[in-house]
Amino acid sequence: MIYVFVCFLILILALFIVLNGMISYAIFQVFGPLHDEDKSNSIKFSVVVSAKNEKKNIAKLIKALDAQDYPKDLYEVIIVDDNSDDCTYETVLEHIKDKPNFSVIRAIDKPYPAKKGALSLGIGKAVNPFIITTDADCEPGKRWLKTFAMRFDSGYDIVFGLYSFYTTDSFVNKMSQFNHLRSSLLTFSAAYYKKPYCAGASSFAFKKESFDALHGYKNTLETLSGDDDLLIREAVKHNMKIGTVTSPSAIVYTASKETIKDYLIQKARHTTTSNYYLPIHQFFLALWHFLNIGFLFSPVLYFITPLSLLPFVVKMLTDLMTIMLHQRKFRYFFNLPEVFFFQIIYELMLIINYVNASYGRNKKWK
């Protein structure tokens, strides 16, 4: 019995090491050195933003978009007020009155519910061949458009980039940063192996003709969320070319949730969307998280053999190394005790988020 258990332990340990090695290799290939390119381009963008009750945040976004290191005649900004009740529409009008390449529309007669409907209206009004989206509470870096333009010069249909949470002193912020960092490393690794499954709507772009070829959001209506992930799914099904932007000057910053309740609501929406990923992606994520959670709890089998401590030790050491090597790319900083602590929290929250998404009632769009 012990012999069989030890053999099984060695097998799953080897599988974990191989998968972790593949992910680590992909991360280095995707991110590479932290430097910026500088090439001329003439890509014309339509920046489309859905805004619902964002009166407090929208001015910062408008300022960041207006300050882009990109010719004003090569991009327009369309802000869609998604039936706000806090004067978002009027606030936008006030801040764009001297900006001819900015416009705002109301989300009347949306073709789809929630954010997808608002974005669809904005995309329908767009006059340029490339669409780039972000959220109303975000702040893109100055070279955001320029860096995306350079990627589209390589012939991609869809491109997604980095986003990071601002740093505050709250526990929820720190937990959100860690969760985002771990999830993003998986996301960009999958993209490197040409198996993308997820992207952040905070920094997401596509050719308008490719979007139209997918029939827009028509085939992504299983959930209210998923305007990014499920569009990626449809693009993968149609063998479209999907790329990433990892330039540090193109990072989009946004605020994390401030309370545990809001954090759980947000994660419930995201986790619900993952139920509609392609089977190959669901299998990979299930296997990866199963291994990590199993290794986290492996010490409980110490009564069978002391070797059961080995998976826990290997996991923690590889996690420490991965986080310490890559956190600065997201402008995060975790010390060693924090990495150890939040890695345990991260795995436990995966279980909580799945249960909450499956049985909770926190899926409403704002």
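1. Arg331 is placed in the loop that runs between α11 (309–326) and α12 (336–359). The structure discussed here is a predicted model. The phi angle of Arg331 is positive, at about 65°, although the residue is not a glycine. With a relative accessibility of 40%, Arg331 counts as partly exposed.

2. A positive phi also occurs at Asp109, a residue other than glycine, where the value is near 55°. Asp109 belongs to the loop between β3 and α4 (114–125). Its relative accessibility is 69%, and Asp109 therefore counts as exposed. A reader checking backbone geometry may wish to view Asp109 and Arg331 in turn.

3. Helix α4 also contains Ala114. Ala114 counts as buried because its relative accessibility is 9%, under the 20% limit that defines the term. Ser225 is 111 residues away from Ala114 in sequence, yet the two C-alpha atoms are 8.0 Å apart in space.

4. Which residues of helix α3 (residues 88–96) are buried? They are Thr88, Tyr89, Thr91, Val92 and Ile96. These residues lie on the same side of α3, because the arc they cover around the axis is only 160°. Among the elements that cover the buried residues of α3 are the strands β1 (45–51), β2 (75–81) and β3 (102–106), together with helix α2 (58–66).

5. The crossing of α2 with α3 is right-handed. On the α2 side the contact involves Ile58, Ala59 and Ile62, and on the α3 side Thr91, Val92, His95 and Ile96. Sorted by class, the residues of this contact between α2 and α3 are 5 nonpolar and 2 polar, with no charged residues.

6. Leu65 is located in helix α2. Its relative accessible area is 0%, so Leu65 is buried. What does Leu65 contact, once neighbours within four places in sequence are left aside? The partners of Leu65 are Val47, Tyr75, Val77, Phe102, Pro140 and Trp144. For one of these, Tyr75, the separation from Leu65 is 10 residues in sequence and 9.8 Å in space, C-alpha to C-alpha.

7. Pro140, a partner of Leu65, is part of strand β5 (residues 138–140). Pro140 has a relative accessibility of 6% and therefore counts as buried. Apart from residues up to four places away in sequence, Pro140 touches Leu61, Ala64, Leu65, Gln68, Ile251 and Val252. Asp229 lies 89 residues from Pro140 along the chain, and their C-alpha atoms are separated by 20 Å.

8. Trp144, another partner of Leu65, is one of the buried residues of α5. Why may helix α5 (residues 144–152) be described as largely enclosed by the rest of the structure? The reason is that 8 of its 9 residues are buried. The buried residues of α5 are Trp144, Leu145, Lys146, Thr147, Phe148, Ala149, Met150 and Phe152.

9. Helix α6 (residues 171–192) packs with helix α9 (residues 260–274), their axes being 10 Å apart and at an angle of about 20°. The helices α6 and α9 are therefore roughly parallel to each other. Their crossing, that of α6 and α9, is right-handed. Val172, Met175, Ser176 and Asn179 of α6 make the contact with Ile260, Tyr263 and Lys267 of α9. By class, the contact of α6 with α9 comprises 4 nonpolar residues, 2 polar and 1 charged.

10. His289 is found in helix α10 (residues 279–296). Is His289 buried or exposed? His289 counts as buried because its relative accessibility is 18%, where the limit is under 20%. Neighbours within four places in sequence aside, the contacts of His289 are with Leu186, Tyr346 and Leu350.

Key. Residues numbered from 1 in each chain as written. Predicted model: local features only at pLDDT ≥ 70, side-chain atom pairs only at ≥ 80, totals over all residues. Heavy atoms only, no water. Buried < 20%, exposed > 50% of the residue type's maximum accessible area, 1.4 Å probe, protein only. Helix = DSSP H or I, 4+ residues; strand = E, 2+ residues; numbered from the N terminus. Arc of directions from axis to C-beta. Contact = heavy atoms within 4.5 Å. Axes fitted to C-alpha atoms, helices over the stretch in contact; angles between N-to-C directions. Parallel < 35°, antiparallel > 145°, perpendicular 65-115°, else oblique. Left-handed = near helix turned anticlockwise from the far one by under 90°. Nonpolar A, V, L, I, M, F, W, Y, C, P; charged D, E, K, R; others polar.
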